[in-house]
Amino acid sequence: MEVTKKSYSSSANLGPGYDILSLGHKAFFDSVTVKHNNSNGVKIISNSTPEEPDKNTAGLSILKIMEDKGIKTGLDITIKKGVPIGLGLGSSGASSSAAVRSVNELLDLGMGKDEMVYYSMYGEIAACGSAHPDNVSSGIYGGLTLISSTSPVKVKKIDINYNFNLVLVIPDISMKNKTRYARSIVPQSIKMEEHIVHTSRISTMLYGFMKGDRDAIREGMNDDIVERSREAMFPFYRDIKEKVINRNAVSACISGAGPTMLIFADDKTRKDEMLGDIKNVMGSYNTDYSIRETGILEGLD
Ligand code: HSE
């Protein structure tokens with residue numbers, strides 16, 4: 001018997017929600033198949049991720065499950081990558097969450113969603129040295145997810161009551177150890193005034209998603225702490241954001257640790273002009289890119 005599960009790309013943070021918000025979308029997916037083998041260990045079969053289980057996000061998650069639950073069986077884990085690596089699209093979390101969901105079913109472990117988020121997030125250590133649950137939460141739940149607690153891990157799925165088109169602008173730049181670096185330059189302390197401004201923005205943005213209030217989403221989707229600290233990595237971002245808002249997109253943010261930018265567009269957005277502006281800005285920074293139009297991932301198969 002074998003079990004295959006797909007997990008999709010996602011955009012973490014959404015501006016002010018560093019490490020606590022994530023949006024699953026249908027742009028790309030990984031598919032992970034798990035089956036028994038005759039050994040006592042975990043074997044990774046992949047053509048684009050490390051094959052040492054403890055260096056692989058899916059492998060590390062499964063090793064942790066086996067250790068915690070005293071599971072001795074041998075498992076083959078075959079990873080087919082569809083989510084591009086290193087572009088801020090939740091690639092590492094897609095593999096680990098698909099692997100955890102597959103193992104949960106194959107071994108009939110009966111783990112609930114939050115427990116699966118916990119084990120999937122463990123895999124992020126292999127990717128960037130720290131276990132953060134945002135991307136993997138949408139890999140387990142789909143949709144827009146909020147981390148309400150990290151210890152123990154608890155996730156809330158937020159209803160979105162607005163009809164978005166998502167436009168991903170994916171610069172053709174990848175950097176070794178990008179997420180690790182991007183996390184290392186985030187400020188470790190902030191002033192109380194900044195804390196107040198950003199809690200107001202997150203709350204306003206979530207209010208906007210739930211009420212379908214585009215002005216509130218635009219008002220809230222701004223970050224002057226994490227996005228600002230990383231701006232040197234994506235010098236085109238502020239220009240792009242200004243231009244897409246001028247063309248009446250709802251808003252835009254950096255997707256995860258970048259460089260991809262996520263634009264929330266709707267039927268009021270002058271899309272063709274917006275795409276022309278993006279072309280001009282990216283050209284002026286001499287940066288190749290691709291565009292992927294997609295929708296929000298509602299459920300998981
Ligand atoms: N919240 C994470 C970050 C997402 O911005 O570093 C990337 O894994």
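## Helix 3 against helix 5

At what angle do helix 3 and helix 5 pack, and how far apart are their axes? In this predicted model, the angle between helix 3 and helix 5 (residues 134-141) is about 135°, and their axes are 9 Å apart. Angles over 145 degrees would count as roughly antiparallel, so helix 3 and helix 5 are oblique to each other. Helix 3 passes helix 5 in a right-handed crossing.

On the helix 3 side, the contact is made by K113, D114, M116, V117, S120 and M121, and helix 5 brings V136, S137, I140 and Y141. Sorted by class, that contact of helix 3 with helix 5 has six nonpolar, two polar and two charged residues.

## Helix 3 against helix 1

Helix 3 (residues 113-122) also packs with helix 1 (residues 57-69), at an angle of about 120° and with the axes 7 Å apart. That angle makes helix 1 oblique to helix 3. The crossing of helix 1 past helix 3 is right-handed.

Here L60, S61, K64, I65, D68 and K69 of helix 1 meet E115, Y118, Y119, S120 and Y122 of helix 3. By class, these residues divide into five nonpolar, two polar and four charged.

## Around the ligand

Now for the ligand: the residues around it are A12, N13, Y18, D19, H132, D134, N135, T179, R183, R230, G256 and A257.

Some side chains here are worth a look. An N or O atom in the side chain of H132 is 2.7 Å from a ligand oxygen atom, and for N135 the distance from a side-chain N or O atom to a ligand oxygen atom is 3.4 Å. D134 has a polar side-chain atom 2.5 Å from a nitrogen atom of the ligand.

Definitions and conventions:
Residues numbered from 1 in each chain as written. Predicted model: local features only at pLDDT ≥ 70, side-chain atom pairs only at ≥ 80, totals over all residues. Heavy atoms only, no water. Axes fitted to C-alpha atoms, helices over the stretch in contact; angles between N-to-C directions. Helix = DSSP H or I, 4+ residues; strand = E, 2+ residues; numbered from the N terminus. Parallel < 35°, antiparallel > 145°, perpendicular 65-115°, else oblique. Left-handed = near helix turned anticlockwise from the far one by under 90°. Contact = heavy atoms within 4.5 Å. Nonpolar A, V, L, I, M, F, W, Y, C, P; charged D, E, K, R; others polar. Near = heavy atom within 4 Å. Polar contact = N/O pair within 3.5 Å; in protein donor to acceptor, adjacent residues only side chain to side chain.
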